[in-house]
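I want to go through the open spaces first, then the ligand, then the backbone.

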Amino acid sequence: MKTIIEPFRIKVVEPIKLTTRAQREELLRQVAFNLFAIRAEDVLIDLLTDSGTGAMSSQQWAGMMRGDESYAGAISFYRFYDSVHHLTGFTHILPTHQGRASERILFSVVGGPGKVIPNNNHFDTTRANIEHSGAEAVDLVIEEGYQIRSNHPFKGNMDPAKLQALIERVGVERIPLCMITVTNNSGGGQPVSLQNIREIRNICHQHKIPFFLDACRFAENAFFIKKREPGMQDRTVASIVRDMFDLADGATISAKKDGLVNIGGVLLLRDEQLVRDARNNLILTEGFPTYGGLAGRDLEALAQGFQEVVDEGYLTYRIRSTEYLGEKLLAAGISIIEPPGGHAIYIDAKSFCDHLPAEQFPGQALSVGLYRHAGIRSVEIGSVMFGQNGKSAPMELVRLAIPRRVYTQSHIDYVVEAILELHQHRHELRGLRIIEEPPQLRHFTVKFEEL
Ligand SMILES: *Cc1c(COP(=O)(O)O)cnc(C)c1O
């Protein structure tokens, strides 16, 4: 059979409701065209993020009931530990409340003024935590990673020559570790090949630089390796995941992605001194090392989620449903970042709204248009998010992030239809002007008026 179906049936339903166009018009005015300020109940299909928005399985919910809420040494911690150890091979496993807490602990130990941390592309919270410590965050993704239409199978790869050049320029002493983000979220959810992970790790080890993964989407990345990397087709995703982690000296993970939970994170380490420092910081800021800012029931959900996510039936459906949305848009002549990434589709708003200059925020205009037309929430990743002081961003994108196991094919067909209709009337989309903005991270609270 050719059809790939959702590999689950539905046990609990959560109603969603379509508002009228007049209501959405009024809501948009009330929030000054900032979709972060819309109440979720006024959104029909919410593609704002795939982080913490997934649906848990019946086994995860069952685990929640047996959560052991003991302060120290809870049985739920040991189930969590065994699950993560089984998946990654690591023996030093610290739970945290989410990915950025793992990052904060790591960089408060190894960061600091004068230090430089390379990555393919740093995710915003990773960059912010590095910069907060006083260190510098450097992006070294291959050039194809910046080309919307390049069909390179591993656009998330780090450029080994760029890494060598950085090491020569700043010196080994200033690089406490090198990271690779899998999949490369800031670069369009694009995967990194196992060969690239190995090559970068070898360069790091030649210079005695620890090699870390930002492993939020480790399973989606491993599935792309299985599908696209020569010689990998007959391997299990779990064994590829294990290879990825075996190559790393540590990892930060937001379990809100491939942990298939609504809250949680992990910090994995090998170096004994680093473990001691990180554990002390964890106790000071997150909690005792057998719960790390989470409830026992959260650890149970995580233990189960990390097993379910490497199921190949799940991953086939997951990656195919994102690709399906991308293919439909491409077939209608809509420009997106190609090839479709693992967790999201990024529409090229510069081309969609070719009548709007960057100063009128084409991405925001498209995102507002999609909500007004069909009640769908997306997020602008362009000059609203990254442009400031009158400068515009290199790309004007609108991200449609797909929550895990939440929407069905007919929901996605509805999204496709809405975008296609909007595309036919795209020259009616109106530009925006900022009327009020905060000094930092302005996209969360900025206010606009329509031109
Ligand atoms: C989500 C994410 C983080 C941060 O995790 P939170 O759980 O949101 O704190 C870090 N890196 C990447 C690549 C992410 O996608």
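I began with the lining of the largest pocket: H4, H5, S11, helix H15 (383–386) and strand S12 (397–401) each supply at least two residues. I took helices (H or I, at least four residues) and strands (E, at least two) as DSSP runs, numbered from the N terminus. A pocket here is an open set of points on a 1 Å grid over the protein atoms alone, with protein on both sides within 12 Å along at least five of seven lines, and lining residues have an atom within 4 Å of a point.

Ground rules for the entries. This is a predicted model, where local features need pLDDT of at least 70 and side-chain atom pairs count only at pLDDT 80 or more, while totals for chains, interfaces and linings use all residues. Residues are numbered from 1 along each chain as its sequence is written, and side-chain values use heavy atoms, with hydrogens and water left out.

**Largest pocket**

I noted a volume of about 1600 Å³ for the largest pocket. A volume is the space filled by probe spheres set on the grid points, which are joined across faces, edges and corners. The lining has 49 residues, and Phe-123, Asp-124, Ser-186, Met-385 and Phe-386 are the closest to the pocket centre. H5 gives the most to this lining, with five residues. I sorted the lining by class and got 18 nonpolar, 18 polar and 13 charged residues. Ala, Val, Leu, Ile, Met, Phe, Trp, Tyr, Cys and Pro count as nonpolar, Asp, Glu, Lys and Arg as charged, and the others, Gly among them, as polar.

**Ligand**

Where does the ligand sit? I found it in the largest pocket; the test is that more than half of its atoms lie within 2 Å of the pocket's grid points. Helix H4 (99–110) and helix H5 (124–132) are the elements that give two or more residues to the shell around the ligand. H4 gives the most, with three residues.

I counted 15 residues around the ligand, the closest being Arg-100, Asp-214, Arg-217, Ser-254 and Lys-257. The cut-off is a heavy atom within 4 Å. Two of the shell residues are nonpolar, seven are polar and six are charged.

Next I looked up polar contacts, pairs of N or O atoms within 3.5 Å. Asp-214 has a polar side-chain atom 2.8 Å from a ligand nitrogen. For Arg-217, a polar side-chain atom lies 2.8 Å from a ligand oxygen. For Ser-254, the distance to a ligand oxygen is 2.6 Å. The protein covers 97% of the 380 Å² of accessible area that the ligand has on its own. Those areas come from the Shrake-Rupley method with a 1.4 Å probe.

**Cavity**

How many cavities of 30 Å³ or more did the search find? I got one. A cavity is a set of points where a 1.4 Å probe fits but cannot get out. The largest cavity holds about 80 Å³ of space. Helix H14 (362–374) and strand S11 (379–381) each supply at least two lining residues. The lining includes Phe-36, Gln-364, Glu-380 and His-443. By class, six are nonpolar, five polar and one charged.

**Backbone**

I logged a cis peptide bond from Val-182 to Thr-183, with omega near -20°. Thr-183 is in the loop between strand S5 (178–181) and helix H7 (194–206). Glu-338 and Pro-339 are also joined by a cis peptide bond, with omega about -15°. Pro-339 is in the loop between helix H12 (312–331) and strand S9 (344–348).

Technical notes: Polar contact = N/O pair within 3.5 Å; in protein donor to acceptor, adjacent residues only side chain to side chain.
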